[in-house]
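User: I would like to go through this structure term by term. Please set each value against its definition.

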Amino acid sequence: MKVSKKVAGVEYAIRDIVSAARLVEKQGKKITYLNIGDPVQFGFQPPENVKDAMIRSIKSGNNYYAASEGLPELREAIAKKENAKGLAVGSDDILVTNGVSEALDMVMSSIVEEGDEVLLPGPYYPPYASYVRLHGGIPVEFAVDLNNSTPDMDDVKSKITSKTVAICLISPNNPTGVVFSEKSLKNLVDLANEHDLYIICDEIYDQIVFDEKFTGIGKVAKDSPVILLNGFSKVHLMSGWRIGYVGFNQSKKLESLREHLPKLARVRISTNLPVQYAALESLRGPQGYISEFVSELKKRRDFVVKRINSIQGLSCPNPKGAFYAFPKIENNRYKSDQEFVMELLKKTGVLTVHGSGFGTKYGSGHFRLVFLPDLGTLDYALNEIEKFVSIPK
């Protein structure tokens, strides 16, 4: 039977690699999972007041279809949060979604047509390219200096064509931990304005930064056509509950998109209502758990980066945000980074993700691991990686 050609371009290396791990696990080897960036799976939980808000919603009968655009009180709280970061949005500019992935799908399906090009920071989070392809577009990677967290502006300029419709910014970045500075964001916004491009900015890790203060796109956006993507999975530890949002700033260039994108929200009916009450509580309630979470992550970041850079054959830039390390494979004994990751899995049971899964142009020759596990688990995994890298093929 016929299958759409568009589906063939859909990949998600982070989860696709799990099928290989399960085969190795069936052979009796213990798997150390360092592939998925899910804080909850590594012992970090949303605070009790957030859990209680979810339970109260269910017990009080708030289990019906919500408004397609989202719970009004939640949209208002989200707008307040984003305004504090500098983005001029009101509650009517917010659309609540089933995670950032649904938000991204809605945005790409609304702006991408056959042959359109979308610029992505290389390396990038895989669904960006998959959704672009699914809607007939072409993902185009631009270079980013991973050591200095800066986009290569000359490269970005060279990649813009008459078919380019949008530029995507992911800051803090998955998989690299790059965090763009205010200057870098302004340079990218100015360039997008010059070529009349949508600016899609993913800030899902906005409060998980380690060394410098985070700058949101809103601080430099002014009246540029900015589409913000954010959610509650990472900072607010609500990964399995699947809730995110799209935000539109006040740009007149977004008027048509404001009219048409909500149609997709109505088609899919609504986002889970009890979870929206939990998200509302996560914004209104005590925020101290976030700084504690980030403090723990910084310890793990420092430990992992130092260890990786002590291993001959590997090097790793210092991630400034999120919870991923993206080491470069200096010792080129394997045909590809994918072969490296597969052999590492088979011989040690340590599961990481091949860098080319985050874009072949700039991700190849790397692998990604999460530093969410406790220090003991990370120490074990890095010992295994060191032994693997040092032994003859």
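Analyst: What follows is a set of questions and answers about terms and values in this structure. The model is predicted: local features need pLDDT of at least 70, side-chain atom pairs count only at pLDDT 80 or more, and totals for chains, interfaces and linings use all residues. Residues are numbered from 1 along each chain as its sequence is written, and side-chain values use heavy atoms, with hydrogens and water left out.

User: Why is strand S8 called largely enclosed?

Analyst: Start with the terms. Helices (H or I, at least four residues) and strands (E, at least two) are DSSP runs, numbered from the N terminus. Buried means under 20% relative accessible area, exposed means over 50%, and partly exposed lies in between (1.4 Å probe, protein chains only). Strand S8 covers residues 226–231, and six of its six residues are buried, so the rest of the structure largely encloses it. Both faces are covered: Val226, Leu228 and Asn230 are buried on one side, and Ile227, Leu229 and Gly231 on the other.

User: What makes S7 and S8 a pair, and in which sense do they run?

Analyst: Two strands pair if DSSP finds at least two bridges between them. Strand S7 (residues 198–202) and S8 have four bridges, in the parallel sense. Ile199 has Val226 in S8 as its bridge partner, and Cys201 stands opposite Leu228.

User: How many bridges join S8 to strand S9?

Analyst: Five bridges join S8 to S9 (residues 244–248), and the two run antiparallel. Here Leu228 stands opposite Gly247. Strands of a sheet pair through backbone hydrogen bonds, either parallel or antiparallel.

User: Why are S2 and S5 said to stand at the edges of the sheet?

Analyst: The open sheet has eight strands in the order S2-S9-S8-S7-S6-S3-S4-S5, with mixed pairing. S2 (94–97) and S5 (150–151) each have a single partner strand, so one side of each is left without a neighbour in the sheet.

User: How do you know that the search finds zero disulfides?

Analyst: A disulfide is a covalent bond between the sulfur atoms of two cysteines. The test is a pair of cysteine sulfur atoms within 2.5 Å. The whole structure was searched, and zero were found. Take the sulfur of Cys168: the closest cysteine sulfur, in Cys201, is 9.4 Å away, too far for a bond.

User: Are Cys168 and Cys201 buried or exposed?

Analyst: Cys168 has 0% relative accessibility, so it counts as buried. Cys201 has 1%, so it counts as buried too.

User: What makes the H4–H11 crossing left-handed, and at what angle do the axes cross?

Analyst: Axes are lines fitted to C-alpha atoms, for helices over the stretch in contact, and angles run from 0 to 180 degrees between N-to-C directions. The axes of H4 (residues 72–84) and H11 (residues 273–284) come within 9 Å and cross at roughly 35°. A crossing is left-handed if the near helix is turned anticlockwise from the far one by less than a right angle, and right-handed if clockwise. H4 passes H11 in the left-handed way.

User: Which residues of H4 and H11 meet?

Analyst: Contact means heavy atoms within 4.5 Å. From H4 come Glu73, Leu74, Ala77, Ile78 and Lys81; from H11 come Gln276, Tyr277, Ala279, Leu280, Leu283 and Arg284.

User: Why is Ile385 called buried, and which residues does it touch?

Analyst: Ile385 has a relative accessible area of 1%, so it is buried. Ile385 is found in helix H15 (residues 375–390). Not counting residues up to four places away in sequence, Ile385 touches Ile311, Leu314, Leu344, Val350, Phe367 and Leu369.
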